[in-house]
Amino acid sequence: MADVQKTFAQAPTIIRREDYSPPAWLVPDVALDFDLGLASTKVHARLDVRRNPDRADREPLRLKGDGITPLDVLVDGEKVNDWQMEDGDLILPLPADAHHVSITTDINPSDNTQLMGLFATNGMLCTQCEAEGFRRITFHPDRPDVLSRYTVRMEGDARTFPVLLSNGDLVEEGETENGRHYAVWNDPHLKPSYLFALVAGDLVVNRDHFTTMSGRKVDLGIFVREGDLERTGHAMTALKNSMKWDEETYGREYDLDIFNIVAVSDFNMGAMENKGLNIFNTRYILADPDTATDNDYDGIEGVVAHEYFHNWSGNRVTCRDWFQLSLKEGFTVLRDQQFSAHMGSEPVKRIEDVRILRAAQFPEDGGPLAHPIRPDSYMEISNFYTATIYNKGAEVIRMMLTMIGAERFRQGTDLYFDRHDGEAATCEDFVRAIEDGGKTDLTQFRRWYSEAGTPHVAATLSHQGDSAVLKLSQTKGAGTEEPAPSEMVIPLRIALFDRATGRNLREELVVLDAPEKTVSFDGFAEAPVLSINRGFSAPIILDSRRDPADLAFLSAHDDDPFSRFEAMQQLMIDHLVGAVSQDGAGDSGHAPLIVDSIAAALDEEGIGRAFLAEMVQPPAESFLGEQMLLIDPAAIHAERARLRTTLATSLQDRWQAHYDACAAIPFSLEPEARAARRLQTVALSYIAAADEDAGADLAFGQFEQANNMTQRLSALATLSHTQSPKREAALDIFYQRYREDALVLDKWFGLQALSLRGDTMEAVRALSQHPDFTLKNPNRVRSLYGSFTANQARFHDLSGEGYRMLADLILTLDGQNAQLAARFVPTLGRWRRFEEQRSAMMRAELERIADKPDLSKDTSEQVLKSLGR
Ligand code: B3K
Ligand code: ZN
């Protein structure tokens, strides 16, 4: 009996999309009063509650709570005692249709290691409420379809908390007694509780302003800790550029007089789009050339834009329930991708986006945690902030754009924003607005919202008489025992090239919307070369057997840069997959063709350096693994390294020439200089692959002379893989120089965990005991263990030590930061894809985690699903 009860108590409740019903009570107004303290904050919440006229039943008021107890409860000003607690929630019977409910709670922000709700970080207070953190502050329906107007008063010690911020406009501030002060903020916009934010602390501010398209002046502020102000310029520029771009591209104007950003160092995610008060991980705000790489600059620009764009896609139009998460996240990712492409290089940005999709989303979609972009059920919503919801969600909306064109898409989004402004909407509302505004029919296209899994498309081009005939077919569940015909709507941009001249003869959008389709192109006396899924027009896996000579041709002649890159990648994939499956007999592959094609690209006049840097790198080991039925990480690593060595030695002079040309360009943040650094990094790694000692010498020289973090770090990364004595020297110099700078120290941890040296496992274990390592800071945890799990060759060591170390980490973290702990589970969750020995060890570690009593809901869900329970 005891066991049955235990199992019952442990099995987390499953929340289902089909069970949605509108809220029983609405809360048009919320007034919050905070008496601030790091160890004790008293929260007095006054909720104006009304029965929802759409609901006929007379439910009591149920307010969600998580780990809080009410100190007192008042209804219409009178203390009441007839409330009950159930699973942490407060249930209050209410006689009439409208009441004022006041509740006081007392919380300890310093004890809040989950970093959800109100928590203390570096002597300041800040909040994170999405998805269900508000209920850790006070009792509330805490669901995104309950929208309220918020007034927030906070009071606290003026020296500890000189800055007091919340959403909306500052309406009053002043001093009280005993060195205390207060501020009152009012947000005129209706918002769900997950967008509530409060910050109190000792911060300095970079102030600027932006004039909107209708001529309104908006005060902008980026709040950081003393000493960090100098590093906020890039984020501010990114913010202003985002505001302008959203006006020009989507017609969206900012709607308050103030837009503030606060940067904090302990944060579970990248940033949070709270209305008028975005809270950021410092990592996505702080940058200067001495401490941030070019990639960091791009990350900041993209995340600042993403959070800003949420003001419309997320805040003005929010989600009805959490199953609709992709409504705001998928659309906002698409918007930030478009913005970054506009600010930088469009093809290079597309290559990066596809790399991320393939590295993070494809494995998820093919594994035990696969879910549609609009899931049907969940146990813990925090587990659904996934690459599927975000990145595949963006791809699905991008396909709509591809099919109807920019103008009609804009008419669709205009209608969406008009129709649903101030509402909590659904994915279905979005699709309908695109249909109505964009004058199109997306009936069948909607399958992308309900089906998980990456569709596989097979394409063959044959030549008959004067026609080129393209045969397409699609399947789902490839790699499983029963691949089945599929009926997704798949827009494929194609082009046909003349083999003799390299000219693009025909370009078209072919929409595959049946299990099979044949399209004929007339007027081709000779068989053309097919370029397909150009620009990655659909998030699919192309199964076609491509002639290596055709791929080499496209890598040189395709006029879509993405497709050139793709052809080169495919050539390398075919070679490496063949080499791995032939068990080391990879010489029979396409290595000579790859060498020639890359040589040609390296010699090509006018090819962009940033693009070239992408083009010449083999696909990631994780993505190569995806192409195989059973993954053998050691074999993949060995073959990939072999190809790299071949490229390195056969093209040694060219790498050196490019290296020298790039290194000669003085530092600036201009695109040409950045592109040169990107290529220089790749060239350096090839130089070291051909000759480790020469590479280490060159890298050490670069390390010593560098006047910026990009070159310093790429040199250190190259050194980190070597046995050179200069490696330790450089790591030590770097550590001494940056030991006080948390974000740079994260790089130092991460780079050692990514080292390909045979002793990396021991190094990671030693680093976990380093005085600067802490499990309390999510960035630091990710920098060491996130990097190590990405190090396919070393993490998947046959000893199984890597798996044990990861499981130990998850078990330790689970009690203190469940969200962070659960994020590490999917790595082990891939166990079924690995060869027998590794697979068994990974599974055993999952079992060990599952056996822990009191496992968090977050980790349980991921572990149970990974084990197929
Ligand atoms: N909406 C937040 C993510 C919240 C994650 C909660 N576990 C950041 C973003 O996507 O913009
Ligand atoms: Zn987002």
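Predicted model: local features only at pLDDT ≥ 70, side-chain atom pairs only at ≥ 80, totals over all residues.
1. Domain layout. The protein is split into four parts: domain 1 covers 1-202, domain 2 covers 209-218 + 226-311, domain 3 covers 328-450 and domain 4 covers 456-545. Taken over C-alpha atoms, the centres of domain 1 and domain 2 lie 27 Å apart. In the contact between these two, domain 1 contributes 27 residues and domain 2 contributes 18 residues.

2. Interface of domain 1 and domain 2. The size of an interface is often given as the accessible area lost when the parts come together. Here domain 1 and domain 2 bury about 1,800 Å² between them. Carbon and sulfur atoms account for 62% of that area. There are six residue pairs in polar contact between domain 1 and domain 2, counting pairs with both residues at pLDDT 80 or more. Zero salt bridges are found across this interface.

3. The strands β10 (117-121), β11 (124-128), β13 (163-166), β14 (169-175), β15 (180-191) and β16 (198-201) each supply at least two residues to the side of domain 1 that touches domain 2. β15 gives the most, with five residues. By residue class, this side of domain 1 holds 14 nonpolar, nine polar and four charged residues.

4. E130 and A131 are joined by a cis peptide bond, with omega about 0°. A131 sits in the loop between β11 and β12 (148-157). N178 is not a glycine, yet has a positive phi of about 55°. N178 belongs to the loop between β14 and β15. Is N178 buried or exposed? N178 counts as exposed because its relative accessibility is 71%, where the cut-off for exposed is over 50%.

5. T293. This residue is placed in the loop between β21 (277-281) and α3 (294-309). T293 has a relative accessible area of 8%, so T293 is buried. Leaving out residues up to four places away in sequence, T293 touches M709, T710, L713 and K747.

6. S787. Helix α22 (residues 778-790) contains S787. With a relative accessible area of 13%, S787 is buried. Which residues does S787 touch, not counting residues up to four places away in sequence? They are G750, A753, L754 and R782. S787 and S755 are 32 residues apart in sequence, and their C-alpha atoms are 9.5 Å apart in space. A polar atom of the S787 side chain lies 2.6 Å from the backbone oxygen of S783.

7. W831. The loop between α26 (825-829) and α27 (836-850) holds W831. W831 counts as buried because its relative accessibility is 9%, and buried means under 20%. Apart from neighbours within four places in sequence, W831 is in contact with S839, M842, R843, L846, S866 and L867. One of these, S866, is 35 residues from W831 in sequence. The C-alpha atoms of W831 and S866 are 8.3 Å apart.

8. D854. This residue lies in the loop between α27 and α28 (857-866). D854 has a positive phi, near 60°, in a residue other than glycine. At 68% relative accessibility, D854 counts as exposed.

Key:
Residues numbered from 1 in each chain as written. Chains lettered and ligands numbered in written order. Heavy atoms only, no water. Domains from an automatic or database assignment. Contact = heavy atoms within 4.5 Å. Buried area = accessible area lost by both parts, 1.4 Å probe. Salt bridge = Lys/Arg side-chain N within 4 Å of Asp/Glu carboxyl O. Polar contact = N/O pair within 3.5 Å; in protein donor to acceptor, adjacent residues only side chain to side chain. Helix = DSSP H or I, 4+ residues; strand = E, 2+ residues; numbered from the N terminus. Nonpolar A, V, L, I, M, F, W, Y, C, P; charged D, E, K, R; others polar. Buried < 20%, exposed > 50% of the residue type's maximum accessible area, 1.4 Å probe, protein only.
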